[in-house]
Amino acid sequence: MKDDSRKFPLRPELEPREVKTPDGQTITVDPLRDYFCEAAPRVHAPVYVKIVEDFFNWARSESLWILGFGTGCGAIEMRPLMTPRFDAYRFGIQWRPTPRQANLLMISGYLSVKTLKRAIRSYEQMQSPKYVVGLGSCTINGGMYFDSYNTIKRLDDYLPVDLYIAGCMPRPEALLKGFEDLKKIIRAGKAEGANAYAENFAQYKERQKAVIHDWDMPDYNW
Amino acid sequence: MDFQWIKVAYALLTLFIVLNYGLLMTAVIQKMGARAGRRYGIRVYQNYIDLLKNYVLRSKITHGYMYYLGPVFRLTGGIGLLLFVPTIYGSEMWANFSFSGDLILALYFVFFGTLGMALGAGESGHPLSALGVSRGLSQVTSAELPFAIAVFAVALQYQTLSVTEIVAAQQGGVMSWTLFTNPFAVAAAMLGFLGSMMRAPFDVVLAPQEIPIGPPTEFHSAYLALLQTNRNIFPVAKIVIYMNLFFGGAASWPVFGIKVFLLYLVSAFVGVAFPRFRVEQSVRFFLIWGVPLAIVGLYWV
Amino acid sequence: MVYLALATGFALILLGLYGAITRRNLLRLIVGFTVADTGTHLVMVSVGYLPGRTAPILGAAVPPEVAALRIIDPVPQALVLTAIVIGLGVTALMLAYAWRIYATRGTLDISRLRQLKW
Amino acid sequence: MIKRAIAFALLAGLGLVFLALWQGFEPDPSLNRSALYYAENTVTDTGAANIVAAVIVTYRGLDTLGEVTVLFLTAAIVAMVLRGGLADSGPRPGRWPTGELLHTGSRLLVPLIALFGAYVFLNGHLTPGGGFQGGAIIASAMLLMLLTDPARNFSHRLIATTESVSGLAYVAIGLAGMALAGGFLDNRILPMGEFGSILSAGAIPLIYALIGLKVGAEFSSILLSLSEREK
Amino acid sequence: MVSAISIIAIGLGAAFLLGLMREGREALAHALTVLALGAMSAVAVGWLWLLGPGGAAVQEITTAGTMPPFAINLRVGLTEAVALVMITLAGLASALHMRAVLLRMGRRAMAVLLIAVMALAGIVMTRDLFNLFVFFELAAISTGGMVLLSDDEDALGAGFKYMIVAQIVSILLLIGIIFAYHATGSLNIDDMGGLAAMGGGAALAVFLVVAALVLETKPFPANGWALDIYQAAHPGFSAILSAGTGTAALIAVDKFAGAGGAALAPVLTGLGLLTFVAANLLGLAQTNDRRLLGYSSVAQTGLILAVIGQREALGESYLLIAGGLLVGHAIAKAGLFWLSGLVKGRDLTDWATLRRSPLLVFAMATFLAMLLGLPPFPGFYAKWALVHGLVASGGGALVALVLIGALIEAGYLLRWFGFTMKREASEAVASTPAELALVLAVALAGWGAGWIWGEVGPYENLLRAPALLLALAFLLLDWLPARVKNVAAIAALIGGFAASFASYDPLQMIFAAIIMPGGAVILLASFYEHGRRVGFYPSAMLMFAGMAMLIVAQSSFGFFAAWEVLTVGSYFLILRGKYSEPHALSYVLFSLGGAFAIMAGFALASGGMANFTMAALAQVPLTLAPWVFILLALGFMTKTAAIGLHIWLPGAHAEAETDVSPMVSGILLKAGLFGLMVLMLQMGSPSLYGVKLTYVLLWIGALTALIGNLIAAFQEDAKRLLAYSSIGQMGYAIFGIALMNHLGWLMALMFVINHYIYKSMLFLSVGGVAKRTGTRLMYKMGGLIALMPLSFIAVLIGIIAMSGVPPLSGFGGRWIFYNAIMESDARAPMIVIFLSGPIAFLYLFRLIHSIFLGQLKDENRRLREAPFWIVLPQMLYTAFLLVFAVVPGLALRRVDGYLSTIFPEHGLNWDGLTIRSDYGYWSPVSVMAVTVGIFASVLLLLVLLNHRAQKVKQFNIVYSAERPFRPETTHFAWNFFAPYRKALGFLLAPLATTFWDGVTGSLHGAADFLRRFYTGDGQHYAYHVLGFVLVLILIVGGGL
């Protein structure tokens, strides 16, 4: 994306560059256009009949694959979920190392602006239907960092949050409860954050760019 | 040769049985692993849900044709392997398409899926996928050595390359299994088996987080679902070969179920007990332990 | 007598060659070869000598009828003449070379002519 | 030092070879078959009294032709070599003039020497002597002239012509022998004459005369070339 | 006809006439000189004609009307006539060549030239020993004169050194002559037969004469003077010195050899071979072209000297051999010296300037080929006959020396040719048309000589072989545009196949099919090339002709000739690559080494018999059989690049041009396989010390497969990867043949076809990609799948086929292979070959991944698909592979049937669509159907679910929530199998390379050390001469 109001110059590797081809011609490579897909996200409305869609939603709710991405101190509260004491696996929950295969993004605690960019990327690289859960007060209103220059205050402004789990920090038990609630939302067919994100794409981007000054990526990270 | 179309139906039935068996068995084994760690572990039907979820994801991307075809190759490899080997000894019905070729066909068909998957992972453009492929190929090719030599020892032992005939030669009691008639070859082959199961200590190929998860890093939705399907069929198909070659085969579905389960359990036990090898360590491991064992097995005949 | 001549000839050859292969000066070298040549010629005529006979020229002293018994072998004599002339030619040529070498190189030292080697 | 030692060793080895030859040498008690043939047949074949001359000019005529050629060749090469250096030699300061005495003496002697040379080569088939000896004597006349008057100009042309014409004539006689007599350089193309007389022995005197002229010219040419270098 | 003595008379007369000329009439003088030399040549040629085809009797010429021995006599027989023709023609041509310098130096120089030629003619003709001396002296003095013609300042020194040596020689000669005369009472050489047997002084005299005469042939080590002259003299004169003087000296030795008696022959042989080997070794260290030619002359003369020494042993073929070597050497050396006159610089690399003129390159190639004894030149027939003759007389060790020397000679001569073709060319050659015409005429004379030798020898005349003529015809067409020639070449290949189609047996048929139609398919790719492509088509057609002749060869000679032809053709082809100079050299050296082994093997097998059929290999006596087998197998395995002999292959195949790589890889390698097959077909499996040789071959094959594959996995260069893969694949093929059973051979034959197809295809694809990307390094490519889809498909199909994954045709090969080894009980090599099997996957995957998958680079973003003509053959191969995968029976069944006639046991059964062996079964159609069925179903499912997938671009990958930096850093390709290297890297130690480097290094070191012997000091040379004589006398005397 070319934006004249850009406050920070593009990284050198993203600047358009002149390249000599093997047969001697000179061509221009614009990395942002040539290396990244520019298409905008689509809305994927439920297309099957209600009963089938319900069945699918049930399956989705019982197979929550979390992206192993810890943004803040809350990440430490997620580890015990794998231990014998909490054993989240029995609820169909597991961690995946790649956003392509995950469908639940846990924002575990405060989110600095720098990390926000990564979170957005990761979220956009997940496949819908996908869900966002905000962990702790920091994602709700900034929490104890409400006056920090460097954290975002309201996660929902930037990513479509399906569920918040309050607390500072919430205990693993709270998380388990949170997953139960999320499952309910999914089963009810109300966890359509991905579609909301696609529908209100422009607004989301506006808000994201308002805080991320060195925006050096395409609008949507496929 | 007259081909009977009913064989297709039998094949589909075999496939159905094996798929379900695989899904359940892997869940059970995972659960056993969890129990060993004092957890409940996943639900027995969890694999079905995951599979279904992945099949019906709404959005998907593609990196190109080979990326698209990679999982197809992979699953074709798994299904093909299953169908080219007689599943149940002595049954025309469950011999499936084994009339197409013998043991050699099965051995080489293993690579069909591997190659396709590697190509698909390659086209995803992810360097870590390629890294995973590099590790996987290095490891698999060396794990293949003791296995191939052992297989050859068995073929020499029974003077045939036909799987059915090899199983036939092992009938007549436990003591006529290859396991007892040529223990070294079997030991070597089992080392190779461990190497090809992608379980610890040979799972650095998929090393989660380090190279996210290796070759399938970019795969998702139905692609991943196909791979998952394959992960439930392919090991079973592979174990069927081992079972037929070394453990007397199976004359009925219950025997089949038990033997496959036990063999699978071997790799699971080893996996629980041992840490990871680096790739070059596993390559050396197979060359230092696997190959000599296999050679002893070969000369044993 | 003939042995003495022969020995002298051989000695001359050796002497001449010794000079030719140890002296560095081109002119001395040529002289050495001339000496050796002379020795060769001496050897040649000595070989053709038959004790107690005379030169192979017929006439009053040696009538043709008895020539076979009276004359020495004429062939080496003929050969030596040729050899002498050829030796002369070679010597002249070497001298000319020596002159030319001196003119272009300014030296008569054979060890300085080692530009071509290996 | 090493060089000397090597030279010594090598020559000692050669000396041993010579010693073996010397020890094994046994003078022939009688003429060998070649010599015997010449002794018995020279007169009838060639009519020459000097058997050596007959051998040189006739039986081994090809050698002699080669010999003459050697001189011709040497003369040509020496001229070539010396001419090549002409450019860089430059003019040299004049010499002291040679005295009147020398001039006169040489003028007196030169014709005599030349005449003697001619005598020697013309009688080559009868008495000791021959073309080479005669030619050398003629060349000594030349040498005398050069010594007495280094500044004197000689006609190269004349010398060269003499050289070439006599050489050509020699070759022609040789070919004539092929056409008219028994083979190349057969001397019987001319009448044999009376044994012992000056006009006998077929072409031998003629050939010797040609050789004499040629050798004289060639020696002169070589001397001239060498002396001109000194001017 | 005028008497031959008129050669002497004319020479002398003209020389004297020149004396009459005035200064300033040089042009006239030159005309006279040329006229005289022309007349001399005419007489010589006339006599050659009379004595040769005319069948006239030997001419005795007497002088002075007196019979020998009392007068000098001359003799002209066939040998003399040949020598006279060479000498006079060399003189004539040199007079023309040296026109400028002769005009400058004047009539005297011309007279000297005339006399030199005359003297050489005299040496040849005379039968009188002293007369011989006179002519030698004339020759020596005139040499002294001719040296002065040079512009080189150092010529003076060289001339003087020469005079020193000449003086010593003449003294020795005179002493020898006079004592010989003393002993025999005659000067006639004919009277001196067996003189040495008299012992004492006579023997010493003989040895002195022999030593002096031999010294004239410039034997090692007493030849420093000669080299200085070669280096310093005017090349025109060097030509005479080499072609004329050398010839004359050899004739003189030959004449007098009879006097030396039996003891002399081995000495001459030893001396000759010592000279041959040593001079060639010394030649290795040379950079000055003329000195190099000098060494080569010395060496060749030495070889002929050795032949003279073996005259008795060689019997009837003596003349053919000595003459062939002599004529070949004379023509070639004269031509090369004249060529060196056209080249300004004196360094070997300066010869690159010749490249500007294809005609001169042709001439140079001709000359070098003549020197090396390549077909169809006289030296080829001579070398073949020599080796056979030596073997017949039990001189096996001599054969080894001859061949080693020849190989070293090939080393420096071809290195020089490589320089000429590949080094930086300065300015164009400034040659006048006359000079050009002269050189070309000499080159053509070489071809003519080749024809004559072919006619008179007891072998087939190669220049009558239609295939070879067809290839040579392309030399004449070389001025046409490349595309026209390409059409002609394809037509020739197809036509050749159609013409001989019916006469092949199935084994030949398989090879013929890949050679001719197969070659034509590859040639389709050549349509891509524009311009004239000078030299490509003659070379390629030469290779194809050689291959075509090879497979139908009946006699060992025909087989070997074909082998050489294809080697030469492929060498020129490989040399065309941009950076292929060193690789082409090592290729041709290995090939020639192999060829020599083959020649020795055939000679051993035939016991020296000239006409030996291939079928007679079966009757080789049991004691010899293993050695024959080893030699022949070794020779063939240089071509298949078996382990240890493989180091030439990667470079040669990788650096060759795009359309050449598939030819040399897909087709040329099969020549070695064919040879091995024929060998084993005829000889079976002989045993040596109780070890079956085929068992050794099994090991070689297995190790080759292992190492070839392993190294391939670690290559970064795509073409090198394929090249190493070829090595590995050839290992498989050798393994298959060495199994010596039905299925092993079936596999090998299948493999011949399959390897041709997929290796050609892969080389073309990779070549096309390399053409577009401008690099062969795979890690610089990547992501080309979308830009070059057709190439990708070709590579994909190729690697699937090659790795043996069902359902494509490669699997058939594997299946047969496993069945084949089931029958064999050689388990240990089997294990090794198992090890190598899976490694193929590694490099194949790497090939396709690094090039086509992964990240596309900046500079490659706008690439187009490879050129149409390069893609077209690939698509044909793809189609063929697919068809072949379903119905392998098309070819397999016929081959199987044929093999049943050789190995009746354990064949295949054809049961409908299923193929059955004794052990297993395989139904290609079912495999294909099942696989395609499953694949289609699964694909359908995937398309159903994912048909709306969003196509993303190359950086749209998950990257730990970051994004890739640049494609270069995101493409994982370099050192792709790093873990494997860690584990197995020790196997990659370049042992073979180190070994061969050591060999060449020590040869070069030896040469560099040895040549310090030639200090350049004239007196040292005198020592050498004296020492040489003494040692010679010691040796011969000791033998008395």
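# Close-up views of a predicted multi-chain model

View 1. Look next at strand 6 (residues 914-916) of chain E, which is joined to strand 7 of chain E by two bridges in the antiparallel sense. Here I915(E) sits opposite W922(E), a residue of strand 7 of chain E. Please keep in mind, for this view and those that follow, that the model is predicted.

**View 2. Helix 28 packed against helix 33 in chain E.** Helix 28 (residues 693-713) of chain E and helix 33 (residues 827-852) of chain E have axes 8 Å apart, at an angle of about 25°. Because angles under 35 degrees count as roughly parallel, helix 28 of chain E is described as roughly parallel to helix 33 of chain E. The crossing of helix 28 of chain E with helix 33 of chain E is left-handed. Residues that helix 28 of chain E brings to this contact include L698(E), W699(E), L703(E), L706(E), N709(E) and L710(E). From helix 33 of chain E come, among them, P829(E), V832(E), I833(E), I839(E), Y843(E) and R846(E). By class, the contact between helix 28 and helix 33 of chain E has 17 nonpolar residues, two polar and one charged.

View 3. The secondary structure of chain E consists of 40 helices and eight strands. The C-alpha trace of chain E spans about 110 × 60 × 50 Å along its principal axes.

**View 4. The interface between chains B and E.** Of the six pairs of chains that touch, chains B and E have the most contacts. On one side are 66 residues of chain B, and on the other are 65 residues of chain E. Several elements of chain B give two or more residues to the side that touches chain E: strand 1 (61-62), helix 3 (65-84), helix 4 (103-123), helix 5 (127-158), helix 9 (221-246) and helix 11 (279-300). Which of these gives the most? Helix 5 of chain B does, with 14 residues. Sorted by class, the side of chain B that touches chain E comprises 39 nonpolar, 19 polar and eight charged residues.

**View 5. Strand pairing between chains B and E.** Here strand 1 of chain B runs parallel to strand 8 (residues 950-951) of chain E, and two bridges join these strands. T62(B) has K951(E), in strand 8 of chain E, as its bridge partner.

**View 6. The contact of chain E with chain A.** Chain E gives 18 residues to this contact and chain A gives 22 residues. On the side of chain E that touches chain A, five residues are nonpolar, five are polar and eight are charged.

View 7. In chain A, the peptide bond between S128(A) and P129(A) is cis, and its omega is near 0°. P129(A) belongs to the loop between helix 4 (113-125) and strand 6 (131-135) of chain A. Another cis peptide bond links C168(A) to M169(A), with omega about -10°. M169(A) is in the loop between strand 7 (163-165) and helix 6 (172-187) of chain A. In chain B, R38(B) is not a glycine, yet its phi is positive at about 60°. The loop that holds R38(B) lies between helix 1 (6-36) and helix 2 (46-55) of chain B.

**View 8. Chain C, a chain of four helices.** Chain C has four helices and zero strands, giving the pattern α-α-α-α along the sequence. Its C-alpha trace spans about 60 × 25 × 25 Å along the principal axes of chain C. The radius of gyration of chain C is 19 Å, whereas a compact globule of 118 residues would have one near 13 Å. Chain C does not touch chain A, and the nearest C-alpha atoms of these two chains are 47 Å apart. Chain C does not touch chain B either, with nearest C-alpha atoms 54 Å apart.

Note on methods:
Residues are numbered from 1 along each chain as its sequence is written. Chains are lettered from A and ligands numbered from 1 in the order in which they are written. This is a predicted model: local features need pLDDT of at least 70, side-chain atom pairs count only at pLDDT 80 or more; totals for chains, interfaces and linings use all residues. Two residues are in contact if their C-beta atoms, placed from the backbone, lie within 7 Å. Ala, Val, Leu, Ile, Met, Phe, Trp, Tyr, Cys and Pro count as nonpolar, Asp, Glu, Lys and Arg as charged, and the others, Gly among them, as polar. Two strands pair if DSSP finds at least two bridges between them. Axes are lines fitted to C-alpha atoms, for helices over the stretch in contact, and angles run from 0 to 180 degrees between N-to-C directions. Angles under 35 degrees count as roughly parallel, over 145 as roughly antiparallel, 65 to 115 as roughly perpendicular and the rest as oblique. A crossing is left-handed if the near helix is turned anticlockwise from the far one by less than a right angle, and right-handed if clockwise. The radius of gyration is taken over C-alpha atoms; the globule rule is 2.2 Å times the number of residues to the power 0.38.
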